[in-house]
Structure formats: C-alpha cells, structure tokens
Amino acid sequence: MKALQPFFIPALWIGVVAMLGLGGCGTPPRKAVGLMDTPQHHTRIGHKFIEKGQWKAAGESFDLAIGLGKAHGPAYAGKAIVVAHGATARGLGADQREALFEQAGDLVEQALDNAETPEEKRAAHVAGIRVQRMTKVERKWLAEAEEHYEDAVDLDKRRLDPDPHFYMARAYRDAFEVRKAEDSYRKVLGMNSSKTGMANAELALVQKVIRAEPGSRHGRVIAFAPTISRADIAALFIEELRLERLYRRGNAKRSDTGFKPPAQAGKFEADKVVRAAEVTDIGNHPLRADILAVIRLRVAGLQPDARHRFHPDKPLRRAQFAMMVQDILIKVTGEEGLATKFVGQTSPFPDVRGNHFSFNAIQTVTSRGWMEPLDKFNGNFGPEKPVHGADALLAIRLLNNQLRRYVQ
C-alpha cells in the first residue's frame with residue numbers, strides 16, 4: 001500500500017487521512033483490548049457508520065480493524081469506500097484528489113488479496129464498484145465498475161446478494177445509463193432484501209428521468225440532484241423548455257402582464273440588461289446566459305431582488321417552482337384566469353393553507369399531474385422543501401407537452 005503524502009484538506013477529513021497510516025506497511029500491529037476488539041467487530045461498526053453518513057467515525061473503525069494486523073480483507077474494503085468518499089470533498093486540489101483515488105484503489109486490491117471466503121471477495125468487488133463510482137477518475141471508470149460487478153455476481157452462486165446490483169445501478173445512474181440502472185434496480189427488488197426500500201425509491205427517480213427525456217447536457221447533469229438552484233432552473237427553462245421559442249411562437253402577446261415576445265422587444269443585448277438591472281452576483285457564473293434570458297423574459301420568481309442580486313446558487317423551493325410553472329403557463333396560453341382559479345377553495349394539503357401565496361400555483365400544477373405531494377401518505381406538498389432534479393425535469397416535460405397545442 002502506498003503511503004499518502006501529507007497535505008491540507010477540509011477539517012472533516014483531517015482525522016480520516018491522519019488515520020491512514022494505521023495498519024500500514026511497517027507499522028507494528030497493536031494488541032487487542034478485550035474480547036470485542038476484533039477486526040470483524042470494528043468492520044461491522046464501520047459499515048454502520050457509513051450507512052449513517054458518519055464517515056470520519058467509519059474510517060476510525062476500519063483503522064482499528066486494520067491496526068490489529070490480522071489482514072482482514074473486509075476492513076480494507078470498507079476503508080477504500082471511506083477514502084474514496086473523502087476524495088469527493090470540496091476544497092481539494094487535483095493532486096490531493098488523485099492521491100486519495102490511488103489510495104482507495106490500493107485498498108480495494110488489498111481487500112481482494114486478503115479475502116478468505118467468496119463472500120469477502122464479493123464484498124471487495126462491491127467496494128470496487130463504489131470506489132469507481134465515487135472517483136470517476138478516467139473515462140473507463142464505468143467499464144471498471146462493470147468488471148467488479150460481473151466478478152461479484154459470479155461469486156454469488158445463490159443469487160441472494162443485492163449489493164452488487166444496487167451499487168451498479170447507482171453507477172449506471174450516474175453515467176446516465178438509465179435503462180441499465182432500471183434493470184439493476186429491478187433485480188434488487190426481486191430479491192426482497194434490506195435494500196428493497198432504497199432501490200424502490202431510487203428506481204422511481206430513474207423512471208421519472210426516463211419519462212422526462214432530458215435533451216440538454218445540463219438536464220442530464222442535474223437529473224439525479226436532490227437539490228437544484230435558481231441558476232439550474234433558469235438553464236432548464238431555457239435549454240429544456242426552450243422558453244424563448246415558446247414565448248415567441250405562443251400566445252403571450254394576448255397577455256397584459258407586460259411581457260413582450262422577443263420579436264416585438266427587439267434584439268436582446270445581454271450586457272445592456274446587466275447594466276440596466278444592475279445584477280451584481282452573476283458576472284462569472286457559468287449559467288449567466290440562461291439567467292439573463294429568464295430575467296429578460298420576466299419569469300415570475302426569477303427576477304433580481306431589491307438589491308439587484310439574483311442569488312444564482314440559492315436552492316429552489318417547491319412552492320417557488322410551482323409559481324414559476326404557473327406563470328409560464330399563463331403567459332403562453334393567455335389564460336390569465338388561471339392565476340385565481342383556485343382562490344377561495346379549501347386546501348387539500350395539510351401544510352399549505354388556502355391563503356398561502358403559492359396555493360393557487362400548487363393547485364394548478366398538482367391538478368394537472370405535473371407535481372405531486374411530497375408525502376403521499378399524509379398528503380403534504382412540502383412547499384419549502386427543495387426541488388429534486390428529476391421532479392423539475394418531469395414537470396417541464398409535461399408542461400411542454402401541454403403547451404404544444406397553444407404554439408402556432
């Protein structure tokens with residue numbers, strides 16, 4: 001195993017990386033203290049910490065296992081996952097990430113070399129899938145993950161282990177191989193295992209993305225993001241919905257909202273808009289062009305604030321998104337009565353009162369099936385919860401399908 005050179009990384013990972021030397025080459029093993037101080041026990045605890053997202057504690061547990069000098073393969077496999085996750089931390093330089101990626105790969109090899117049973121070797125290959133997915137060092141990362149997957153499945157003679165299929169499904173999902181991800185999740189569901197709940201939830205997201213059929217690069221990037229920003233939704237409206245084209249060809253000119261289609265408004269010059277609106281926080285933003293476009297098109301909820309700031313990286317909330325979708329619907333169709341259609345009605349959502357500013361918009365999008373309650377059991381819409389990328393993409397696709405008949 002290659003030793004890591006010391007370097008600075010965020011505080012969360014200082015403890016993890018500092019522990020990397022434990023149990024390494026040339027380090028004398030420590031003596032066990034008590035009957036439970038075993039590699040097997042510490043490895044089990046380490047995986048429980050991973051499940052809870054307590055990565056530093058997980059790394060310490062695996063180091064305690066390795067430090068006993070018993071060459072326990074599963075401990076190296078667990079540590080590989082922790083180190084790979086550390087490589088995804090913000091604030092790391094390219095050299096630092098590469099060092100951690102290499103360390104994670106070495107640990108997977110040690111896990112395979114020290115595996116004593118088919119089950120331990122299979123667990124090492126599953127760790128290999130997870131490491132490749134998290135690191136994505138080279139273009140061939142997916143192919144290498146598939147090699148680990150095939151080896152893990154071959155070692156599962158009774159076909160009872162859901163882990164290879166589950167983690168390969170996530171790898172396929174990240175690579176936007178959505179059909180393969182769907183197939184892998186279904187294999188997990190067919191096993192009636194502890195991964196069933198998570199696989200079912202993640203499969204639902206994959207199926208939403210398949211229905212949404214994102215066509216832009218940005219749409220694919222944020223498809224599985226649990227939170228999207230104001231800049232993200234601006235890009236989706238411009239690139240996925242082709243909002244400028246809709247407004248140009250649609251019936252927006254019938255509305256007295258003050259909007260002028262691009263054909264009437266004249267040639268748009270981005271720099272002039274920036275100076276006129278004094279938007280101060282998008283100068284170097286990679287989605288600046290999309291942001292400027294939605295500002296020009298006056299999409300409700302996507303305008304600069306009183307201090308001329310757009311807040312491009314602020315998370316988008318579900319109530320805000322519903323308001324934006326309703327605004328676009330009204331401007332394209334010219335049906336301004338939609339803005340008050342549900343006013344005065346009793347709210348069907350326990351967490352949205354009938355006099356809430358977004359109530360009408362929420363009713364507009366849910367009655368058309370473009371958005372759903374976040375908690376179907378209790379009926380809560382979740383107005384202040386973040387918008388998931390898959391939900392935004394699907395809503396935009398459904399909105400676009402309905403607006404086609406209004407476009408000349």
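K376 lies in the loop between α18 (359-367) and α19 (389-403), where helices (H or I, at least four residues) and strands (E, at least two) are DSSP runs numbered from the N terminus. With 61% relative accessibility, K376 counts as exposed; the classes are buried under 20% relative accessible area, exposed over 50% and partly exposed in between (1.4 Å probe, protein chains only). The side chain of K376 makes a polar contact with the side chain of E372, at 3.1 Å. A polar contact is a pair of N or O atoms within 3.5 Å; within protein, one must be able to donate a hydrogen and the other to accept it, and residues adjacent in sequence count only if both atoms are side-chain atoms.

The model is predicted, so local features need pLDDT of at least 70 and side-chain atom pairs count only at pLDDT 80 or more, while totals for chains, interfaces and linings use all residues. Residues are numbered from 1 along each chain as its sequence is written, and side-chain values use heavy atoms, with hydrogens and water left out.

The protein has 19 helices and 0 strands. Of its 408 residues, 49% count as buried. Among contacts (heavy atoms within 4.5 Å) between residues at least 6 apart in sequence, 67% join residues at least 24 apart.

Two packed helices are described by the angle between their axes and the distance between the axes. Here axes are lines fitted to C-alpha atoms, for helices over the stretch in contact, and angles run from 0 to 180 degrees between N-to-C directions.

Helix α7 (residues 141-154) packs on helix α8 (residues 163-174) at an angle of about 165°, with the axes 10 Å apart. That makes α7 roughly antiparallel to α8; angles under 35 degrees count as roughly parallel, over 145 as roughly antiparallel, 65 to 115 as roughly perpendicular and the rest as oblique. The residues in contact include W141, L142 and Y149 of α7, and H165, M168 and Y172 of α8. By class, this contact has 10 nonpolar, 1 polar and 2 charged residues. Ala, Val, Leu, Ile, Met, Phe, Trp, Tyr, Cys and Pro count as nonpolar, Asp, Glu, Lys and Arg as charged, and the others, Gly among them, as polar.

The axes of α6 and α8 come within 9 Å and cross at roughly 15°, which makes α6 roughly parallel to α8. The contact is made by V126, I129, R130 and R133 of α6, with R170, R173 and D174 among the residues of α8. It holds 6 nonpolar, no polar and 6 charged residues. R133, in helix α6 (residues 118-135), is buried at 19% relative accessible area. Not counting residues up to four places away in sequence, R133 touches W141, R170, A171, R173 and D174.

Helix α10 (residues 196-212) packs with α8 at an angle of about 20°, the axes being 11 Å apart. The two helices are therefore roughly parallel to each other. F166, R170 and R173 of α8 meet M198, A199, E202 and V206 of α10, giving 4 nonpolar, no polar and 3 charged residues.

R173 of helix α8 takes part in the contact with α6 and in the contact with α10. R173 is buried, with a relative accessible area of 13%. Not counting residues up to four places away in sequence, R173 touches R133, A181, Y185, E202, V206 and F224.
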